[in-house]
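Have the viewer open and follow along.

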Amino acid sequence: MSCIGSSSEAIANLVVHRSNIVFCSCTLLQVGRDFLPRGPDICTRRPLVLQLIKTPAASATAASQPTEWGEFLHAPGKVFYDFDRIRAEIQSETDRVSGGNKNISDKPIRLKIFSPNVLTM
């Protein structure tokens, strides 16, 4: 893992190679949600740039408001509170750019996950 950007805007850059898949899985398990597409064939046909942002824990007065959500760079202003919809959006955006024939693309999907259950990365 390395950092990109100036010291005040540094973000973690996580590149996963097959030999480090356990590290990747542990990092993604921080989110505590299943949001990545899965299947018997190539599932990740585009790179996913994932930024985790720790939010404050919900107070008792704000318990009715969602404490976890995701935002995609390609969908500005749209907030995803349902992690099944995040998975569907990853699949939809992959098909939009790569096509439905299992083609791959090097154009990344950028996703921010906001949660009190993650470390900011």
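Before the first question, one definition: two strands count as paired if DSSP finds at least two bridges between them. Also keep in mind that this is a predicted model.

Q: In what order do the elements of the protein chain run from the N terminus on?
A: Start with the tally: the protein chain has 2 helices and 6 strands. Reading from the N terminus on, the order is β-β-α-β-β-β-α-β.

Q: Which residue of β6 is the bridge partner of Phe72?
A: Look at strand β4, residues 69-72, alongside strand β6, residues 109-115. These two run antiparallel and are joined by 4 bridges. Within that pairing, the β6 partner of Phe72 is Leu111.

Q: Which residue in β5 does Glu71 stand opposite?
A: β4 also pairs with strand β5 (residues 79-80), in the antiparallel sense and over 2 bridges. Follow that pairing from Glu71 across to β5 and you land on Val79.

Q: Which residue takes a positive phi in the hairpin of β4 and β5?
A: There are 6 residues between the strands of this hairpin.

Q: Which elements give two or more residues to the largest nonpolar core?
A: That core has 14 residues, and those with the most contacts inside it are Phe35, Phe72, Ile86, Ile90, Leu111 and Ile113. The elements contributing two or more residues are β3 (48-54), α2 (83-98) and β6.

Q: Which residues does Ile86 touch, leaving out those up to four places away in sequence?
A: Ile86 is among the core residues with the most contacts inside the core. A touch here takes heavy atoms within 4.5 Å. With the sequence neighbours set aside, the list is Phe35, Gly70, Phe72, Phe80, Leu111 and Ile113.

Q: Is Glu68 buried or exposed?
A: Find Glu68 in the loop between β3 and β4. Buried means under 20% relative accessible area. Glu68 has 8%, so this residue is buried.

Conventions:
Residues numbered from 1 in each chain as written. Predicted model: local features only at pLDDT ≥ 70, side-chain atom pairs only at ≥ 80, totals over all residues. Heavy atoms only, no water. Core = buried A, V, L, I, M, F, W, Y, C linked by side-chain atoms within 4.5 Å. Buried < 20%, exposed > 50% of the residue type's maximum accessible area, 1.4 Å probe, protein only.
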